[in-house]
Amino acid sequence: MSDVPENYFGEEIAAEYDKTAEHDPMFAPEAINPVVDFLAELAGDGRALELGIGTGRIAMPLAERGVAVHGIDLSEEMVARLRAKPGSEEIGVTIGDFATTKVDGTFTLAYLVYNTIQNLTTQDAQVACFQNVAAHLEPGGCFVIEVGLPALQRLPFGETIRPFALGETRLGFDTYDVANQGLVSHHYTRTADGTFKYSWGPFRYVWPSELDLMARIAGMAPRERWSGWKGEPFTSESTKLVAVWEKTGV
Ligand SMILES: C[S@@+](CC[C@H](N)C(=O)[O-])C[C@H]1O[C@@H](n2cnc3c(N)ncnc32)[C@H](O)[C@@H]1O
């Protein structure tokens with residue numbers, strides 16, 4: 001567990017990470033505002049810790065709401081984009097692996113959005129992440145995860161490939177390694193000269209029940225489970241999880 005994970009968000013990815021709403025709905029105010037509403041309410045008057053803060057897609061508007069935000073991220077390149085934004089000096093950032101990196105002080109809220117728990121590609125690392133979060137939370141503090149659920153019900157028996165984007169400018173495929181809960185996302189993006197640029201990233205997909213157990217191991221109890229940031233019910237058809245755990249005990 002002492003190995004530093006590889007940085008898959010280097011210069012090339014970081015330079016193009018922030019997008020307009022029309023290019024990526026995750027950057028639209030309609031997507032971001034409900035996240036910020038949800039997190040600001042849980043943070044209350046306390047501090048918030050974002051694991052994988054990146055370019056501040058969520059941290060910046062949350063800080064603008066008056067929440068004191070601190071972030072952890074592996075990628076100097078992503079954090080440089082955050083630092084280029086006016087107002088980001090209010091946000092503290094520690095460079096390191098969010099599964100193990102410690103920061104000063106305690107928090108009423110920790111959060112890990114946009115599927116980023118899956119960037120930890122072993123169960124050990126994901127459990128360590130929950131334990132690291134618990135070590136930073138005040139009693140009663142909350143940990144929030146937003147993560148897409150694996151599309152295994154759509155994967156025919158014995159097949160390993162699922163397309164997730166198919167268009168003139170973008171193609172995307174996930175390849176599943178079911179025995180190991182492994183997933184690799186392959187992205188083909190058309191460039192200005194008409195050629196396609198390839199990028200990929202490895203993930204470990206997770207289940208709500210497994211995350212609940214990781215939380216319990218770390219001293220947190222399930223508190224809420226939704227399929228979206230506006231309190232959409234979590235059902236058997238849900239493709240996404242927004243879960244909240246609360247630190248129990250002292
Ligand atoms: C998909 S981006 C999400 C960024 C931001 N949270 C957002 O919602 O836009 C994932 C971020 O997590 C960071 N990251 C991935 N694995 C990490 C790890 N083990 N420790 C710290 N940061 C990590 C990446 O560098 C990247 O900035």
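**View 1. Glycine 148 and lysine 240 in the pairing of S5 with S11.** In this predicted model, glycine 148 stands opposite lysine 240 in S11. Strand S5 and strand S11 (residues 240-247) pair in the antiparallel sense over 7 bridges, where two strands count as paired if DSSP finds at least two bridges between them. Strands here are DSSP runs (E, at least two residues) and helices are DSSP runs (H or I, at least four residues), both numbered from the N terminus.

**View 2. The parallel pair S4 and S5.** Strand S4 (residues 107-112) pairs with strand S5 (residues 137-148) in the parallel sense over 5 bridges, and leucine 112 stands opposite isoleucine 145 in S5. From S4 the chain crosses through helix H5 (residues 123-136) to S5 in a right-handed β-α-β crossover; right-handed means that, with the strands pointing away from the viewer, the path from the first strand over the helix to the second runs clockwise.

**View 3. The open sheet S6-S7-S8-S9.** In this order, 4 strands form an open sheet with antiparallel pairing. Strand S6 (161-166) and strand S9 (196-204) each have a single partner strand and stand at the edges, so one side of each is left without a neighbour in the sheet.

**View 4. Arginine 190 and phenylalanine 196 in the pairing of S8 with S9.** Strand S8 (residues 182-190) pairs with S9 in the antiparallel sense over 9 bridges, and arginine 190 stands opposite phenylalanine 196 in S9.

**Notes.** Residues are numbered from 1 along each chain as its sequence is written, and side-chain values use heavy atoms, with hydrogens and water left out. Local features need pLDDT of at least 70, side-chain atom pairs count only at pLDDT 80 or more, and totals for chains, interfaces and linings use all residues.
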